[in-house]
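Hello,

Here is the structure I am handing over to you. Please have it open while you read my notes.

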Amino acid sequence: MKLSLITFLTLLLVRVDSTHLPFSCDSSDPSTKRYPFCQTSLPVLQRARDLVSRLTLDEKIPQLVNSAPPIPRLGIPAYQWWAEALHGVAWAGPGVRFNGSINSATSFPQVILTAASFDSYLWYRIGQVIGSEARALYNAGQATGMTFWAPNINIFRDPRWGRGQETPGEDPLVTGKYAVSFVRGVQGDSFRGGKLKGHLQASACCKHFTAYDLDNWKGMNRFMFNARVSLQDLADTYQPPFQSCVQQGKASGIMCGYNRVNGVPSCADKNLLTKTARGKWGFHGYITSDCDAVAIMYDDQGYAKSPEDAVVDVLNAGMDVNCGTYLQDHTKSAVQQKKLQESEIDRALHNLFAVRIRLGLFNGDPTKQLYGNIPQNIVCSPAHQVLALEAAQNGIVLLKNSNNLLPLPKSKSTTLAVIGPNADLAEEMLLGNYAGPPCRKITPLQALENYGKRTVYHKGCDSVQCSSALIDQAVNVAKSADNVVLIMGLDQTQEREAFDRVDLVLPGKQQELISRVAKASKKPVILVLFSGGPVDISFAKNDKNIGAILWAGYPGEAGGLALAEIIFGDHNPGGRLPVTWYPQDFTRVPMTDMRMRSDPTSKYPGRTYRFYKGETVFEFGFGLSYSKYSYEFAHVSQNTLHFSQSSTVQADEDPHVVRHMSVSELGTELCEQRKFSVRVGVENPGVMAGKHPVLLFAKNSELGNGKPMKQLVGFESVILSAGEKAEVEFEINPCEHFSSANEEGLMVIEEGTVFLVVGNEEYPISILI
């Protein structure tokens, strides 16, 4: 009799449409009205609370892991929390399958190259495409979840980090704006925000919270690493991207990382998850562990004294779902041992079911809902593939162009030699990690062959590792050609998740191959580098036989075509480096040292353009073009900022102590009042139209107290025809853009002069306290 009742309720509450989409709460059946969790007119959290209140403890516990099973008696289908969409819907994670009518998805450039465009609207449009293709896969019955664990918004602190390729780079402002733009696009919000009223197209998850940027370096792995981070560095480097992701992007997910921060595992840090993310920032969503991050707290780190203690630690801290099975295996015994209150399980489940409700999974037939009509044919549509090409075009960075070697003329009579192990590889070189099956694959060699009848190719090395090189053969090929393109660099064998580099130079015999070929060629050669992280190519930068250098990151499915179009002048490059390129000497700095600020007493050089005091191969923001752009400050609405004296003013009779004010005590109203606008005039005096990112920095006239040497305060892209002028407007918030963190982790504004800097132009702003 009980089995018949379960079957009856399941039929009432769970329906499967023609595309085999399981859903709850069939609105056409009046019996569903008995369940408040099925009533769409009620607030989401009230619905989630009602649902959880109907579950037994044995039903609750399996819902705390990524592979959540069905609850048949309430008609709740299974759900898979783990899916990936870093730069396109990906293979990784069991939540999406490409084994049906949809067998590919648009594959955009790896994030580090997309960031080089400095174009937040491009990032938003990429997020839109990924979110809509994710929903199309669900509508086609090829997804069992719509919670995607992207973007990765950790700071690219160290150039050796294998996963730096997944991030938007080293700058907190850029990383935060990328997070906001991407999340809004994926989740179905507008570019400026405010459209999202609860219902999600797909769910985005900002990871890895926090200060996670080491995978496996010289025997230290991410599972055991204890990141010792100062309050100062947390406040103005590591945390701001996550704060932006939560407060402005309205992300519905956060992932806590494997590492410990100052001794506490991120997933067990109540101050981080509950007090900061939920309390201070107002996060409303779910928090997942990285996969098996709970297990390692007992099994590897020894932080928890028992498996049950690990469960208690993470649930009490505010984590909601475990990627893995640890919570399913050990939560009940934690309750039985009276270490864990069932109310903590309920709290987690309220967050989890609230996200599933926001995704529309408890609103009845999904085909009759918002996003239910997104068709399969939008996946890999021509418009989406054009956007992938645009992203690659606008990200590729021209690092050198002596005597205007590029662009090459489109002559059918000249011969082109293409040499290098990365020239004719597709997925290994184009896509980077966390990729899905691309819509199409055009290698650089194939794309270059379309520009001339006479193209010859030689691999040069046995692989990217280049332990064996056929240098003499490559030299002979180069000697016979009018122009030579060397396509070198790294791939996923050299940098990836769980694998950091120990050097910054090119692998194996690549440098020898490049130099020998360049010396033997008729003309200066063109060097193309594929990599996620920086490479010390000082030898090439200073070699007169190497006339041009292009950095192409991992440029996605259309990267080969984008590269060829740039080399032959069908696109004017405008990308700018989102990370500092350090020399090989930087590898003397331990990767485990998390300090951002330099320390002259220990000869520690600091990290990133904001604090690093040392030689560079290329600076953050560097990038050439086939045009040369000029700037001027057209209008600045304020040149003196007055902050009234109050109890927050720190004054001292000592003339060496700078007067300053705490931003947290200034208040939102005063900060809003002190905002001002800056208009920068930009001119393209060249002969070729181009898209150009304008970067506006703030530079302090006096350093000290750990202040950055300079920091980015705004960036905007502008498209200019040859000879055209335009103005770009920035809004400056002094409380955000002119403040810096003190040693206690408080943001303060100091009296003095701050210079706005764009290109070689400077404009002084006086701050009076």
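Below are notes on strands, aromatic rings and charges over rings.

First, the ground rules. This is a predicted model, in which local features need pLDDT of at least 70, side-chain atom pairs count only at pLDDT 80 or more, and totals for chains, interfaces and linings use all residues. Residues are numbered from 1 along each chain as its sequence is written, and side-chain values use heavy atoms, leaving out hydrogens and water.

**Strands**

Helices (H or I, at least four residues) and strands (E, at least two) are DSSP runs, numbered from the N terminus. Two strands pair if DSSP finds at least two bridges between them.

F209 has C256 in β10 as its bridge partner.

Now look at β30 (residues 761–768). It runs parallel to β21 (residues 640–642), joined by 3 bridges. There, T640 has S766 as its bridge partner. β29 (residues 752–758) runs antiparallel to β30, with 7 bridges. F755 is bridged to P764 in β30. β29 and β30 form a hairpin with 2 residues between them, and G759 in the turn has a positive phi of about 60°.

**Aromatic rings**

The whole structure holds 32 aromatic pairs. Rings of Phe, Tyr and Trp (its six-membered ring) pair if their centres lie within 6.5 Å; planes under 30 degrees apart are stacked, over 60 edge-to-face, and the rest tilted.

W91 and F98 have ring centres 5.5 Å apart and planes at 65°, so they are edge-to-face. F676 and F738 have centres 6.2 Å apart and planes at 50°, so this pair is tilted. F676 lies in β23 (residues 676–683) and F738 in the loop between α24 (734–737) and β27 (740–741), so the pair ties together parts 62 residues apart in sequence.

How accessible is F676? It is buried, at 3% relative accessibility. (Buried means under 20% relative accessible area, exposed over 50%, partly exposed in between, with a 1.4 Å probe and protein chains only.) F738 is buried too, at 7%.

One aromatic cluster includes F118, W123, Y178 and F182.

**Charges over rings**

A charge sits over a ring if NZ of Lys or CZ of Arg is within 6 Å of the ring centre and within 35 degrees of the ring normal. R496 sits over the ring of F499, 4.4 Å from its centre. R674 lies over the face of F643, at 5.7 Å from the ring centre.

Best wishes
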